[in-house]
Amino acid sequence: MKAITVEPKKPGSLRYEDIPEPDVREGSVLVEAIAAAVCGTDVEIAEGKYGWAPPGKTRLVLGHESLGRVIDPGPNSSFKKGDLVSGLVRRPDPVPCPNCAVGESDMCRNGRYTERGIKEIHGYMSERWRIEPEYAIKVDPSLGILGVLLEPTTVIIKALEQVQAVGQRAYWEPKTVLVTGAGPIGLLAAGVASLARIEVHVLDRAETGPKPELVRDLGAMYHSGSVLDLGFEPDVVVECTGAGSVIADSIQKVAAGGVVCLTGVGAGGIAPRATADIAAAAVLKNNVVVGSVNANKRHWYKAGLRLAQMDRKWLSRLITRHEKPENFSQALKRKPGDIKIVIQFSEI
Ligand SMILES: [Zn+2]
């Protein structure tokens, strides 16, 4: 069968090539790939900046945002042939740490977790893949190809759960949420938040293109420019840019008792303000800055429910390009106006 593979840490090593059929030891459920979505992590791995091949191997099958159709449910799963499924990304560390031991590998304490398509386990960008039944999530068939948006939605569900958990430390009645960054994660965050009774704002650099309209079509408000120039203080900020200045501005701007949840992974930059000034603002307003990454099975389950509640036409506008697997190099290249790129392995 064919798969999109890469030699991690080696730029230019991406290939669409023949590899053996998935080993039964990779899971008792056999799945035919329908689609895999591309995210920033895939691009980083393709550029040789990140990623680890399975032990003893040099190449890694890429892909962690999956949608597939069950071909063979195996002897001990509740799946049926034809079910649409998506696969969890992270697997617990072998020790395991206390969090992995209780099914919270998203909160792994020792960093020895593995991740499909990223860290030491093959991903989902192959014509067929296998999965353990406990790591496969059934996708609402009415979502069709939009089920490929499940993984990024899980990241949002976890982030919002973190915000909620922090909020519970005191009387908590958030009225406004600001999402910074209108990429796929930011737009899905706005989409999920719009399902709740809360005023949703999205801030992004883009002044044109599909993003402003996508936000307005949710009934949310779109802003470009600086967080500091907003005419209100958000109760919650879901930070999806990873940009230093946006993070610092968000911590300064968030309302008293507010929560800033960081989901973007950036690097470097110059400190726009002294750390103690940012900390003083947080102290004097009881603010919390919480980082959130990955998601566990509970978040996957909830994400499936929320995604199925969202408007299909709106969700489909997030997928701005469908590429064939043989066009993998195009699929992994960002172009202006791109939101989510989907590599389609077979018809839905
Ligand atoms: Zn762990």
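How many Å should the 18 residues of helix H3 span, and how far apart are its end C-alpha atoms? The close-ups below take up this question and then visit other parts of this predicted model.

**View 1. Helix H3, from end to end.** Helix H3 covers residues 150–167. At 1.5 Å a residue, its 18 residues should span 26 Å, and the end C-alpha atoms are 25 Å apart, which agrees. Look around the helix too: 15 of the 18 residues of H3 are buried, so H3 is mostly covered.

View 2. For comparison, the ideal angle for four tetrahedral donors is 109.5 degrees.

View 3. Asp 93 and Cys 108 link distant parts of the chain, 15 residues apart. Asp 93 lies in the loop between strand E7 (90–91) and helix H2 (98–101), while Cys 108 lies in the loop between H2 and strand E8 (114–116). Both Asp 93 and Cys 108 are buried.

**View 4. Helix H3 crossing helix H4.** Back at H3, we now bring in helix H4, residues 184–194. The axes of H3 and H4 come within 9 Å and cross at roughly 60°, which makes H3 oblique to H4. The crossing of these two helices, H3 and H4, is right-handed.

Notes
Residues are numbered from 1 along each chain as its sequence is written. This is a predicted model: local features need pLDDT of at least 70, side-chain atom pairs count only at pLDDT 80 or more; totals for chains, interfaces and linings use all residues. Side-chain values use heavy atoms; hydrogens and water are left out. Helices (H or I, at least four residues) and strands (E, at least two) are DSSP runs, numbered from the N terminus. The expected span of a helix is 1.5 Å times one less than its number of residues. Buried means under 20% relative accessible area, exposed over 50%, partly exposed in between (1.4 Å probe, protein chains only). Axes are lines fitted to C-alpha atoms, for helices over the stretch in contact, and angles run from 0 to 180 degrees between N-to-C directions. Angles under 35 degrees count as roughly parallel, over 145 as roughly antiparallel, 65 to 115 as roughly perpendicular and the rest as oblique. A crossing is left-handed if the near helix is turned anticlockwise from the far one by less than a right angle, and right-handed if clockwise.
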